[in-house]
Amino acid sequence: MTLTLRVSSAIRLAQGLVLATLLAWQMPAGADETSTLQRVPLEIHAGTERHRLEVELARSSSERQKGLMDRDHLAPDAGMLFLYEEQQPAAGSFWMYRTRIPLDIAFIDADGRIAALHTMQPCLSRNPYDCPVTVAGAAYHAALEVNAGYFEERGIEEGACVSWPGRQGDCPSTAQ
């Protein structure tokens, strides 16, 4: 009898922890929640132009998974840089579950060049499986998310070079 009560209590505790985790995942974060991610300057070299941003670095799996979820605003010259230790396949994708801001995404190759550009719209569904995915379409080592329209407004295209502190290599001043 005592063993049955202990097992039953352990099962209820485990169920409670699972439920609490699921509820926390579904609850939106506060609109003015500040990020604890490291911020670094980033520069995009497009032709003779240089465009500067301050980006948050998403390095770990959990940081990349959360991304820009539950945010209502992204400053005009801000973004998030998703970094990977290994090259990601062209079939790699991003989704907009719980992301409220329309975003542009640049997939960046091992040489620091933009290999693919896409625009992504927010997904308002509470069911993550209803949200479309954006497939990179090119192998990448990093992905940069900025406000939608950023790249087009500045004439930034595939082939532009992206640099940030810690990236190996440098962008030549004549990057296209």
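This is a predicted model: local features need pLDDT of at least 70, side-chain atom pairs count only at pLDDT 80 or more; totals for chains, interfaces and linings use all residues.
Visitor: Where in the chain is Arg-113?
Guide: Arg-113 lies in the loop that links β5 (103-108) with β6 (114-120).

Visitor: How are β5 and β6 joined, and how do they run?
Guide: They run antiparallel and are joined by six bridges. One of the residues involved is Ile-114 in β6, the bridge partner of Ile-108.

Visitor: What separates the C-alpha atoms of Arg-113 and Val-162?
Guide: A distance of 6.1 Å separates them, although the two residues are 49 apart along the chain.

Visitor: Which strands make up the open sheet, and in what order?
Guide: The open sheet has seven strands in the order β6-β5-β8-β3-β2-β1-β9, and the pairing is mixed. β6 and β9 (161-163) stand at the edges with a single partner strand each, so one side of each has no neighbour in the sheet. From one strand to the next, the twist averages 30°.

Visitor: Changing topic, how many helices and strands does the protein chain have?
Guide: The protein chain has three helices and nine strands. From the N terminus, the elements follow the pattern α-β-β-α-β-β-β-β-β-β-α-β.

Visitor: What share of the residues is buried?
Guide: Of the 176 residues in the protein chain, 39% count as buried. The accessible surface of the chain is about 10,400 Å², and carbon and sulfur atoms account for 55% of it.

Visitor: And what share of the contacts join residues at least 24 apart?
Guide: Among contacts between residues at least 6 apart in sequence, that share is 71%.

Note on methods: Residues are numbered from 1 along each chain as its sequence is written. Side-chain values use heavy atoms; hydrogens and water are left out. Helices (H or I, at least four residues) and strands (E, at least two) are DSSP runs, numbered from the N terminus. Buried means under 20% relative accessible area, exposed over 50%, partly exposed in between (1.4 Å probe, protein chains only). Contact means heavy atoms within 4.5 Å. Accessible areas come from the Shrake-Rupley method with a 1.4 Å probe; for residues, only the protein chains shown count as cover. Two strands pair if DSSP finds at least two bridges between them. Axes are lines fitted to C-alpha atoms, for helices over the stretch in contact, and angles run from 0 to 180 degrees between N-to-C directions.
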